[in-house]
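This briefing covers a single protein chain. Look through the sequence and the model, then read the points below by topic.

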Amino acid sequence: MYASLKHVFLILWLVVACDGASACPNKCNCTWFGSSSSWLKVKCSGVKQVPRDIPSNTKRLDISGTVLSSIQEDSFRNLTSLGLIDLSMNLLKLIPMNAFRNLTSLKSINLNGNRIQGGFFLPQSIVNIEMQDNLLSFGDLKIILKGLKRIRMLDIKNNKIGPNLTKDVFAGFDNMEHIDLRRCHLENIENGTFHAMKNLSKLVREVCQEAMPETFLSFLEYAISHKHQKTLEGPSDQLSFLILKGNYIRTVADGTFSRFTYLRRLDIQFNLLTSVPDLSGLSFVQLLRFEHNHIKNITRLVTSGTKLLWSLPLADNQIDYLPASVFQYLSVINYIDLSYNKLQSIPDKAFSACGKLTELYLEYNEITQISRHTFTGLVNLKILFTNISGGIVASCCRR
């Protein structure tokens with residue numbers, strides 16, 4: 001009797017399995033996965049609508065890069081096991097308010113590269129949200145994020161979120177590790193907006209000369225004018241990679257970066273700074289990027305406490321004076337770029353602490369002569385670009 005029941009059970013299991021495999025929708029590919037091969041990965045191509053007959057045990061659904069132009073309120077009604085859904089790179093303009101609401105197992109959703117406008121509800125189970133390159137507004141964002149307390153990653157760059165970002169939007173986001181708000185048309189960010197994000201310490205690998213894993217915070221691209229000290233209140237003290245590139249930042253309050261003692265890279269290029277900001281506490285920083293600002297004063301480069309930088313790009317600023325003390329106490333081992341400034345002269349032994357420096361760029365300044373003692377101590381210099389005598393650019397290379 002027991003053996004017969006086992007055979008019946010086996011036959012029923014095979015019938016269900018075969019039925020699941022044969023039910024794969026047209027233009028879709030279904031693959032079993034998991035320790036017991038009980039879940040399905042479904043990839044659909046060339047579909048204009050979400051297929052109606054997607055198996056209910058689908059765990060991962062990929063309908064990216066097709067011509068999907070609309071979804072219905074009940075398109076995913078029976079897919080309560082879904083953990084990941086990818087609808088990126090399609091033609092979606094509107095998401096029905098309750099289209100994802102019943103997906104109580106959903107952890108990750110990718111809506112990148114559509115033309116989505118309007119808010120919609122997401123289940124509280126959601127952890128990762130990717131919605132870059134859409135047409136979402138501030139009001140849309142508030143609706144989408146309402147009640148979501150488990151989020152760890154949020155990418156909404158290239159949306160029209162601005163001009164204002166208020167602190168209530170991210171309130172309670174204690175688990176946030178990575179947030180990207182670049183090119184969101186932001187002009188004002190309320191103090192305390194990132195206060196809850198104590199775990200903002202996403203480890204990524206940046207393709208740069210250090211080629212090392214970094215804690216990554218990349219946000220605020222295009223349009224804040226003043227950075228108050230409390231704007232960055234909340235992110236982990238372990239932060240090691242901070243990008244404020246391409247805003248309208250004119251001032252940075254003293255002490256803004258003081259608690260980020262593990263910061264390795266600070267990028268504030270393409271802003272409106274007139275002087276190097278207070279760098280107190282950044283004793284381990286390896287790369288400072290200040291090019292393409294309006295900086296005249298660089299004396300604060302030596303106040304951070306750091307003695308060694310990998311590189312220092314300062315090109316395209318308004319620097320007309322190079323304090324002798326800066327590079328006599330601060331060593332740079334790869335390159336210094338002071339091109340496209342207003343320097344008229346370089347002090348003797350100006351780079352005496354930079355014995356490991358290999359590249360120095362001084363072209364397109366207003367330098368008329370250089371003393372033979374200017375480059376004393378640069379024993380490893382291999383590339384030097386400068387302009388003297390009517391703007392003729394000269395280069396020299398050493399072994």
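C354 is buried, as its relative accessible area is 0%; buried means under 20%, exposed over 50% and partly exposed in between, with a 1.4 Å probe and protein chains only. C184 also counts as buried, at 0% relative accessibility. The model is predicted, so local features need a pLDDT of at least 70 and side-chain atom pairs a pLDDT of 80 or more, while totals for chains, interfaces and linings use all residues. Residues are numbered from 1 along each chain as its sequence is written, and side-chain values use heavy atoms, leaving out hydrogens and water.

**Confidence**

- The pLDDT, the predictor's confidence in each residue from 0 to 100, averages 82 over the chain, and 82% of the residues score at least 70.
- Residues 4–22 have a pLDDT below 50, and this stretch has five contacts in the model beyond near neighbours in sequence; a contact means heavy atoms within 4.5 Å.
- Residues 202–227 also have a pLDDT below 50, but that stretch has 112 contacts beyond near neighbours in sequence.

**Disulfides**

- The count comes to two disulfides, a disulfide being a pair of cysteine sulfur atoms within 2.5 Å.
- One of them joins C24 and C30, with sulfur atoms 2.1 Å apart.
- This disulfide of C24 and C30 is right-handed because the torsion about its S-S bond is about 90°.
- C24 is partly exposed, with a relative accessible area of 21%.
- C28 and C44 form a disulfide with sulfur atoms 2.0 Å apart, and the link is right-handed, with 100° about the S-S bond.
- Because C28 lies in strand β1 and C44 in strand β2, the pair ties together parts that are 16 residues apart in sequence.
- Helices (H or I, at least four residues) and strands (E, at least two) are DSSP runs, numbered from the N terminus.
- C28 is buried at 15% relative accessible area, and C44 is buried at 0%.
- With the bonded cysteines of the chain numbered in sequence order, the pairing is 1-3, 2-4.

**Nonpolar cores**

- A nonpolar core is a set of buried Ala, Val, Leu, Ile, Met, Phe, Trp, Tyr and Cys residues joined through side-chain atoms within 4.5 Å.
- The largest nonpolar core has 53 residues, of which F76, F100, I129, M131, L145, L154 and F170 touch the most other members.
- Two or more residues of this core come from each of β1 (28–33), β2 (39–44) and α2 (138–145).
- Another core, of 43 residues, lies apart from it and has F257, L288, F327 and L357 among its members.
- Beyond four places in sequence, the contacts of F100 include I71, F76, I85, L87 and I95.
- In soluble globular proteins, nonpolar side chains tend to be buried together.

**Loops and backbone**

- S81 lies in the loop between β3 (58–62) and β4 (84–86) and counts as buried, at 18% relative accessibility.
- Not counting residues up to four places away in sequence, S81 touches W39, S56, T58, K59 and S105.
- Most residues other than glycine have a negative phi, and most peptide bonds are trans.
- The peptide bond from G162 to P163 is cis, with omega near 15°, and P163 is in the loop between β7 (153–155) and β8 (164–165).
- H292 has a positive phi of about 60° although it is not a glycine, and H292 is partly exposed at 27% relative accessibility.
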